[in-house]
Amino acid sequence: MTYKPGPCPIWGEPFLADIMPTADHLLRVRSPRAGGDYSVSQRTHVTHLAQLNTEEKARLTTWLIDQRSRGVDCPKVTAEIVEYVRRKSPLPAHERAVRLLRFTATKSESIGTYASIGVDDPGVLTWSESSTPDEADYLVDYLRAMGWIEGTWVATGGGKFRVTVDGYFQIAEQAKNLDSSKVFVAMWFDDSMDRIYEAGFKPAIKDAGYKPLRIDRKPDLNNIHVEIIAEIRRSKFVVADFTHKKDS
């Protein structure tokens with residue numbers, strides 16, 4: 001089988017993609033607007049992706065970018081994932097700007113060099129969770145106002161920019177949290193909760209692309225109070241369940 005050109009199942013026209021049917025009846029899609037490869041079934045494509053509005057498509061694209069950053073070569077878009085991103089809140093403007101900053105750094109051939117950035121560039125739209133070039137344009141101005149990039153517009157919707165020293169410092173600070181795929185699970189350590197953890201919390205966290213951690217299951221546990229604080233700080237977020245034994 002070989003790839004054939006066609007519209008991106010998520011974004012449609014005018015964003016073309018390379019599409020290939022796979023042995024397990026999925027479509028493997030290589031889409032610049034979606035930031036790379038992903039797979040989707042024809043049913044999910046027709047029934048679920050077609051129902052997404054532009055903002056929801058941008059959030060799904062963010063999910064794809066984050067999955068690839070965690071080592072998933074070709075994330076699978078399922079009906080459950082589509083519903084997850086529909087319920088998910090948009091990224092805050094600051095986080096979107098930082099993601100665009102990271103993209104700008106990757107476009108530069110070396111530190112200190114200028115890169116051409118167009119606000120209608122699929123990569124710019126993808127990395128900044130932007131639905132329109134106007135949103136990307138605003139985020140570029142945001143980065144300039146923060147002093148994280150410098151440069152000038154050379155044409156309508158485009159310009160040459162480079163990441164500043166402060167910008168690289170911001171990227172390094174954000175990477176401390178972005179690199180973590182761990183989720184800390186805080187819950188009652190009782191045998192009655194094991195089934196709930198194994199059948200509920202654990203698979204749900206894994207399906208979202210993260211690694212669950214229960215402190216009581218960590219090997220070589222020393223001071224539990226110190227370990228809890230340390231692991232929470234190293235985690236992307238915390239899932240807390242407040243079930244406890246009823247007072248007699």
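The following exercises, each with a worked solution, concern a predicted model of a protein chain.

**Exercise 1. Overall description**

Task: State how many helices and strands the protein chain has, and describe its extent and burial.

Solution. 
Step 1. The secondary structure comprises 9 helices and 11 strands.
Step 2. Along the principal axes, the C-alpha atoms occupy a box of roughly 70 × 45 × 30 Å.
Step 3. The protein chain has 248 residues, of which 40% count as buried.
Step 4. Among contacts with a separation of 6 or more, 57% are between residues 24 or more positions apart.

**Exercise 2. The strands E1, E2 and E3**

Task: Determine how E2 pairs with E1 and with E3, and which residue of E2 is the bridge partner of Pro5.

Solution. 
Step 1. Strand E1 (residues 4–8) pairs with strand E2 (residues 12–21) in the antiparallel sense, over 5 bridges.
Step 2. The bridge partner of Pro5 in E2 is Asp18. Asp18 also stands opposite Arg30 in E3.

**Exercise 3. The antiparallel sheet**

Task: Give the strand order of the open sheet that contains E6, E7 and E8, and identify which helices pack on this sheet.

Solution. 
Step 1. The order of the 3 strands is E6-E8-E7, with antiparallel pairing.
Step 2. Strand E6 (115–118) and strand E7 (149–155) are the edge strands, each pairing on one side only. From one strand to the next, the twist averages 30 degrees.
Step 3. E6 and strand E8 (residues 158–163) run antiparallel and are joined by 4 bridges. Within this pair, Ile117 stands opposite Gly159 in E8.
Step 4. Helix H4 (residues 93–107) packs on the sheet and touches E6, E7 and E8; its direction makes about 135 degrees with that of E6. Helix H6 (residues 133–146) packs on the sheet as well, touching E7 and E8, and its direction makes about 140 degrees with that of E7.

**Exercise 4. The parallel sheet**

Task: Explain why one side of E10 and of E11 is left without a neighbour in the sheet.

Solution. 
Step 1. The 3 strands of this open sheet follow the order E10-E9-E11, and their pairing is parallel.
Step 2. Strand E10 (211–213) and strand E11 (237–240) stand at the edges; because each has a single partner strand, one side of each lacks a neighbour in the sheet. The twist averages 30 degrees from one strand to the next.
Step 3. Strand E9 (residues 182–186) pairs with E10 over 3 bridges in the parallel sense. Phe184 stands opposite Leu213 in E10.
Step 4. Helix H8 (residues 194–207) lies across E9, E10 and E11, at about 135 degrees to E10. Helix H9 (residues 224–234) packs on the sheet, also touching E9, E10 and E11, and its direction makes about 140 degrees with that of E9.

Terms used: Residues numbered from 1 in each chain as written. Predicted model: local features only at pLDDT ≥ 70, side-chain atom pairs only at ≥ 80, totals over all residues. Heavy atoms only, no water. Pairing = 2+ DSSP bridges. Helix = DSSP H or I, 4+ residues; strand = E, 2+ residues; numbered from the N terminus. Axes fitted to C-alpha atoms, helices over the stretch in contact; angles between N-to-C directions. Contact = heavy atoms within 4.5 Å. Buried < 20%, exposed > 50% of the residue type's maximum accessible area, 1.4 Å probe, protein only.
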